[in-house]
Amino acid sequence: MKRNTFLAGVAGLALAAGGAFAQVNEDAPQGGEMVVTYQDDVATLDPAIGYDWQNWSMIKSLFDGLMGYEPGTTTLRNELAASHEISDDGMVHTFVLKDGIKFHNGREIIAEDVKYSLERVTDPTTRSPGAGFFGMIDGFDTWNAGEGDGLSGVEVIDDKTVQITLSRPDATFTHVMALNFASIVPREAVEASGEDFGREPVGSGAFRLAEWTPGQQVVFERFEDYHRAGVPKLDKVTFDIGLDPTVALLRLQNGDADVPGDGIPPAQFLQVMNNPEQADNVVEGGQLHTGYITLNTQMAPFDNVNVRKAMNMAINKDRIVQMINGRAVPANQPLPPSMPGYADDYEGYPFDPEAARAMLAEAGFPDGFTTELFVMNVDPNPRIAQAIQQDLSEIGVKVEIRSLAQSNVIAAGGEADQAPMIWSGGMAWIADFPDPSNFYGPILGCAGAVSGGWNWSWYCNKELDARAAEADAMADPALADEREEAWRSIYVDIMDDAPWVPVFNEQRFTLVSDRMAGDDSLFVDPVHIPVNYDYIYSVEAE
Amino acid sequence: MSGYLVRRLIESALILLGITFVTFVLLYMVPADPARQIAGRSATAETVANIRDQLGLNDPLFVQYFRYLGNLLQGDMGRSYLQRAEVADLIAARLPASLLLMVSAIVTELILGLTIGVVAALRRNRPADHTLMIFSFVSISAPQFVIGILLLYVFSVQFGWLPIGGYGTFAHLILPSITLGFLGAGWYSRMMRSSMIDVLEQDFVRTARAKGLSRLHIITRHVMPNAILPVIAMIGIDIGLFMSGIVVVESVFGWPGIGQLAWQAIQRVDIPVIMGVTMVSATAIVLGNLIADLVAPLIDPRIKTK
């Protein structure tokens with residue numbers, strides 16, 4: 001067995017791309033409060049169910065799992081686990097819990113809670129959107145199909161120790177254990193609340209839920225017995241719900257709010273950035289996001305690789321980035337630049353309408369063709385679709401835009417013969433965890449090219465699928481570099497088949513009031529959106 | 001009267017039944033799979049199939065519909081797919097806020113609309129009339145979203161007199177009520193104006209004048225009670241308009257009502273919530289019309305209930 005090797009493993013790989021640790025100010029004063037605004041009501045705070053970007057970060061503050069991330073980075077660290085050992089073959093992970101860690105209800109957390117929590121999230125009756133992440137745990141297939149009496153791969157050794165056996169070595173397992181879905185929950189509280197646990201959450205995170213008035217307000221207050229001394233910094237975080245982003249901005253300018261959770265509204269973006277006082281309070285950061293056009297490889301004429309390549313050369317990405325006020329960087333490959341495995345030296349397809357037209361002619365379409373582009377009907381996506389339409393008309397391709405509600409676009413993409421092209425904006429892939437494999441399986445792998453899947457290009461390359469499985473089997477931390485290289489070459493090879501036109505990677509711009517302080521990385525934390533609630537502090541507390 | 005009431009109640013129940021059916025069929029036909037929404041993007045096909053099975057989404061349309069109807073008649077509106085909470089609880093938590101906003105918007109539009117209508121009619125074809133009619137035209141055409149933001153900017157940000165959205169005190173209620181009532185005020189002022197002009201030309205008004213009654217007395221005791229009748233009938237229909245306006249106004253002002261709930265449910269194909277909100281709104285509209293029809297004969301005995 002290797003002792004506590006998690007840092008050298010997948011995490012080390014993330015560290016290489018994620019940069020150094022954030023300058024978390026451990027001595028920052030405790031006290032004060034913060035007001036965050038949101039338009040939508042919070043759907044649920046149940047970690048097994050919550051899966052939108054609003055409740056994702058809130059749940060992170062209410063719950064902890066065995067693993068977590070260094071604040072402001074993509075670097076894994078032990079959270080409730082005091083230690084984590086991996087067997088030589090990568091199949092057995094042994095976690096030992098920290099001493100004296102407690103749930104918000106005051107009860108001490110024991111190994112049995114870990115087993116209960118993992119079985120709950122993978123239990124088919126929980127209907128968790130995250131169940132699929134745990135597929136590598138031994139016994140998942142039967143338990144998730146509703147058979148047997150638990151996850152056979154999760155074994156409680158004693159009150160402090162839990163051993164998890166995998167059915168295949170998987171380098172992403174430690175990231176999965178840092179997902180919200182792997183949060184530890186107390187059985188008695190879940191059973192007492194039943195379906196309402198999402199309204200009455202009890203976890204072991206830095207904050208506890210103090211108050212929830214539907215449609216109006218959610219209030220978090222400091223959990224005094226939190227297992228990390230001096231955390232969280234704030235006494236209280238108030239989420240004001242139901243505010244249109246434009247109104248939220250007015251509130252912030254008036255000093256009634258600290259962070260507009262929905263971001264700076266696109267229509268006011270330039271106004272904010274051109275005001276020096278406000279621009280000073282904007283923190284910019286990368287995001288594990290790629291916006292892309294899918295080309296349905298099973299529908300003519302996109303079943304022809306040269307047509308797909310021509311598409312890649314016909315889109316003026318710089319202009320699209322300009323259209324959204326420079327809130328993104330142009331992309332040339334599926335992975336975003338801040339993701340391990342990103343190929344810095346890959347040049348991608350150049351913007352060259354002449355060459356694109358020639359390539360189309362060569363492919364048998366000298367006069368172009370007519371096709372459809374599906375797009376979600378929320379600004380700026382229809383405008384971006386129009387820009388794409390215009391670019392493609394330059395090479396003789398006539399595009400009809402189908403602007404629909406999000407769920408309808410997703411439904412069309414999930415059928416093999418519905419959507420020839422989809423602009424992913426508003427539904428684009430944001431990584432669940434900072435590992436290159438997360439951009440492959442569901443959206444580019446064969447497993448996702450099924451009815452109802454998310455592989456809207458219906459791209460399935462068996463050889464790449466095999467290489468992906470091989471890369472993920474490199475669970476030995478010593479192979480981290482080799483694994484990253486394997487993934488890098490997979491994505492470059494995908495671009496040879498051109499199932500997507502990668503368009504841009506969104507940047508994050510977080511506006512914060514003068515009252516809040518902390519390292520910039522905390523305001524664009526890659527796993528906490530919009531901000532890391534636990535480590536930000538109030539200048540008024542000093 | 002009681003026979004009329006029973007007939008109208010039966011009619012209303014049939015209308016509501018029809019609405020449940022139409023809404024259910026429409027939602028069934030929408031090409032978006034709720035199971036997929038719940039399952040999330042990492043789910044396998046088996047997981048999605050399993051969720052469909054648990055929610056009974058594989059059953060034929062009529063089986064699903066009658067199951068829903070059976071539960072509904074027992075007061076069970078089901079649980080939200082996404083929030084997992086009882087739909088009845090979600091609506092109950094938000095209904096008071098919407099009702100408060102609606103009542104206060106009705107008061108606002110009546111006060112604004114009737115005053116403007118009366119003044120315009122009495123100053124017919126003079127500058128005051130023209131100005132007021134332009135105002136009513138603007139209030140009918142301006143999008144509620146724009147009016148809401150404008151009012152917030154002026155009264156909350158610039159003057160700082162009122163809170164920037166939210167819920168809780170009388171001060172919070174003012175701007176949303178005005179925004180929601182603005183549209184109706186425009187309609188009512190036009191209606192009241194033409195109705196007043198009609199009545200002012202009636203014989204009994206001339207008789208009253210000939211009797212030497214004061215102008216104020218004639219207008220308040222003879223003209224207005226007659227002119228207001230068509231407006232009363234409008235209020236019932238108005239509730240339908242409010243239901244659509246509420247979605248916009250509640251989202252601008254962060255008003256925690258059912259409009260906000262409906263908007264989010266539609267975005268996420270949360271069918272039980274969409275059905276629940278539709279049923280509540282439809283009931284409000286049907287009841288509003290029923291009450292308007294029942295009240296009309298009380299005010300004007302010429303209208304008979306048969």
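Cys460(A) counts as partly exposed, because its relative accessibility is 36%. Its partner in a disulfide is Cys446(A), and that one counts as buried, with a relative accessibility of 15%. Keep in mind that this is a predicted model.

**The disulfide**

- Over all chains, the count comes to one disulfide.
- In that bond, the sulfur atoms of Cys446(A) and Cys460(A) sit 2.0 Å apart.
- Why does Cys446(A) count as buried? Buried means under 20% relative accessible area, and Cys446(A) comes in at 15%.

**The second largest pocket**

- This pocket holds about 1300 Å³ of space.
- Its lining is made of 49 residues, and those nearest the centre are Gly132(A), Arg168(A), Ala447(A), Ser42(B) and Thr44(B).
- Four helices each give at least two residues to the lining: helix 4 (140-144), helix 15 (441-444) and helix 16 (462-472) of chain A, plus helix 3 (45-54) of chain B.
- Which helix gives the most to this lining? That's helix 3 of chain B, with six residues.
- Sorted by type, the lining has 23 nonpolar, 17 polar and nine charged residues.

**The cavities**

- Rolling a probe the size of a water molecule over the atoms shows where empty space is left.
- Counting those of 30 Å³ or more, there are eight cavities.
- The largest cavity has a volume of about 240 Å³.
- It is lined by 22 residues, and closest to its centre are Lys60(A), Asp64(A), Gly68(A), Glu79(A) and His528(A).
- Strand 2 (residues 67-69) of chain A supplies the largest share of that lining, namely three residues.
- By type, the lining of the largest cavity splits into 11 nonpolar, six polar and five charged residues.

**The labelled stretch of chain B**

- An unreviewed UniProt entry annotates residues 95-296 of chain B as "domain: ABC transmembrane type-1".
- How much of residues 95-296 of chain B is helix, and how much is strand? The span is 85% helix and 0% strand.
- The end C-alpha atoms of residues 95-296 of chain B are 27 Å apart.

How values were computed
Residues numbered from 1 in each chain as written. Chains lettered and ligands numbered in written order. Predicted model: local features only at pLDDT ≥ 70, side-chain atom pairs only at ≥ 80, totals over all residues. Heavy atoms only, no water. 1 Å grid on protein atoms, 1.4 Å probe; cavity = no way out; pocket = protein on both sides within 12 Å on 5 of 7 lines; lining within 4 Å. Points joined across faces, edges and corners; volume = space filled by probe spheres on them. Nonpolar A, V, L, I, M, F, W, Y, C, P; charged D, E, K, R; others polar. UniProt positions renumbered as here; feature names shortened; annotations may be inferred. Disulfide = S-S within 2.5 Å. Buried < 20%, exposed > 50% of the residue type's maximum accessible area, 1.4 Å probe, protein only.
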